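Please look through the sequence and the model first.

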Amino acid sequence: MKNHNEMYQSLLSRYEEYQEKKKKRYLCSCKKSKCLKLYCDCFANGEFCIDCSCTECENVIGNDVLIRKCYADVKDKNPSAMKNHMIGAVNRPMTCSSMTH
């Protein structure tokens with residue numbers, strides 16, 4: 001398991017990468033999914049929601065445990081759903097089984 005400093009550095013690195021990509025990507029506007037479903041552009045691309053217009057977002061820095069669980073749930077349901085953080089053909093949205101409604 002990574003120590004806190006390594007985890008922080010990893011998050012910081014991902015945030016800095018996000019800042020570089022920010023101008024190139026669409027910001028989500030999810031209303032009920034908490035940004036933990038494949039149809040959230042940010043979640044689907046392995047990015048945190050930052051400066052999006054989403055509601056009740058759970059796809060944020062500091063919520064890594066839940067986000068990783070949701071990614072694992074998606075991969076368990078459809079192993080080819082996420083390749084290199086890009087979405088393949090998906091017929092229906094896949095949800096995180098740990099979400100509460």
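This is a predicted model: local features need pLDDT of at least 70, side-chain atom pairs count only at pLDDT 80 or more; totals for chains, interfaces and linings use all residues.

Residues are numbered from 1 along each chain as its sequence is written, and side-chain values use heavy atoms, with hydrogens and water left out.

The protein has three helices and two strands, in the order α-α-α-β-β from the N terminus. Helices (H or I, at least four residues) and strands (E, at least two) are DSSP runs, numbered from the N terminus. Of the 101 residues, 34% are buried; buried means under 20% relative accessible area, exposed over 50%, and partly exposed in between (1.4 Å probe, protein chains only). The accessible surface, from the Shrake-Rupley method with a 1.4 Å probe, is about 6800 Å², and carbon and sulfur atoms hold 52% of this surface.

Helix α3 covers residues 64–77, 14 residues in total. Its first and last C-alpha atoms are 20 Å apart, close to the 20 Å expected at 1.5 Å a residue, where the expected span is 1.5 Å times one less than the number of residues. The buried residues of α3 are D64, I67, C70, Y71, D73 and V74.

The structure holds two salt bridges, a salt bridge being a side-chain nitrogen of Lys or Arg within 4 Å of a carboxyl oxygen of Asp or Glu.

| Salt bridge | N to O distance |
|---|---|
| D64 and R68 | 3.5 Å |
| K69 and D73 | 3.1 Å |

An α-helix has 3.6 residues a turn, so residues three or four places apart point the same way. D64 is buried, at 14% relative accessible area, whereas R68 is exposed, at 53%. In the other pair, K69 is partly exposed at 39% and D73 is buried at 9%.

Which residues touch the most other members of the largest nonpolar core? They are C28, C35, C40, F43, C49 and I67, in a core of 18 residues. A nonpolar core is a set of buried Ala, Val, Leu, Ile, Met, Phe, Trp, Tyr and Cys residues joined through side-chain atoms within 4.5 Å. The elements giving two or more residues to this core are α1 (4–21), α2 (41–44) and α3, and α3 gives the most, with four residues.
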